[in-house]
Amino acid sequence: MSKSAVFLDRDGVLNVEVGYIHRVEDLQLIPGVAKAVRSLNDLGLFCCLVSNQSGPARNFYPKSHIDDLHQRLIEELEKEASAHLDAIYYCPYLSPTAGGTNPEFTAWSSWRKPNTGMLVAAAWEHDLDLRQSFMIGDKATDIDMAHNAGLTGILVRTGYGESVLSGQYQHSTKPDYSSSDLVEAVEWIKKKLHLQRPKKSHRDRL
């Protein structure tokens, strides 16, 4: 049976938004996110990172640097709350018109948000039910990707989220829910899942 999942953007959702992170040690978790991810783990939800990472395409740093950043992310989640991500997907590609300059990574990609390639790949490889899943991000493209694939889209007001809601960044969008941060988003998911699950009858409990 296909599983429900929670997909998470990285910058501005899990770690503090500081632009392109050139030093691994500059990746710092937003307060409370490790415990929030641990709550998702405890619920048995598949927890998956999906992130646009165009640094290699812009020649800012090699692809291996992104892997190093994600290793730090994994270690920090484990250290703070024994939390874990079940899978990590990211798109290092960027089209020439969007600013790509490194020939190895300058290309249009179905994985780049708001395209749904990362979600489709995750669903195929891990048997996930996208229509029973959630996407949490801080950008309009996160919500657009969610809706393009039939997911529930949650916009957090950390990172760029506040600017998106005010129409000052990317474009205004209508998320299915907006929350102050990942902690509040996870609490909303927990309540929504509780409401969706059928209650056991007296006969079922016997």
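**Exercise 1.** In this predicted model, find the residue just after α3 that takes a positive phi, and give the angle.

*Solution.* Start at helix α3, residues 117-126. Step just past the helix to D127. D127 has a positive phi of about 55°.

**Exercise 2.** Which residues of α3 are buried, and what covers them?

*Solution.* Use the cut-off first: buried means under 20% relative accessible area. The buried residues of α3 are then G117, M118, L119, A121, A122 and A123. Next, look at what covers them. The cover includes strands β1, β2 and β3, along with helix α4. Now place the helix itself. α3 lies across β1, β2 (46-52) and β3. Its direction is about 150° to β3.

**Exercise 3.** Work out the strand order of the open sheet, then name its edge strands.

*Solution.* Write the order of the six strands: β3-β2-β1-β4-β5-β6. The pairing is parallel. Now go to the edges. They are β3 (87-91) and β6 (177-179), each of which pairs on one side only. Finish with the twist, which averages 20° from one strand to the next.

**Exercise 4.** How many bridges join β1 to β4, and which residue is the bridge partner of L8?

*Solution.* Recall that strands of a sheet pair through backbone hydrogen bonds. Take β1 at residues 5-8 and β4 at residues 134-137. Three bridges join these parallel strands. For L8, the partner in β4 is I136.

**Exercise 5.** Across which strands does α4 lie, and at what angle does the helix run to β5?

*Solution.* Locate α4 at residues 140-148. The helix lies across β2, β4 and β5 (152-156). Against β5, α4 runs at about 170°.

Conventions: Residues numbered from 1 in each chain as written. Predicted model: local features only at pLDDT ≥ 70, side-chain atom pairs only at ≥ 80, totals over all residues. Heavy atoms only, no water. Pairing = 2+ DSSP bridges. Helix = DSSP H or I, 4+ residues; strand = E, 2+ residues; numbered from the N terminus. Axes fitted to C-alpha atoms, helices over the stretch in contact; angles between N-to-C directions. Contact = heavy atoms within 4.5 Å. Buried < 20%, exposed > 50% of the residue type's maximum accessible area, 1.4 Å probe, protein only.
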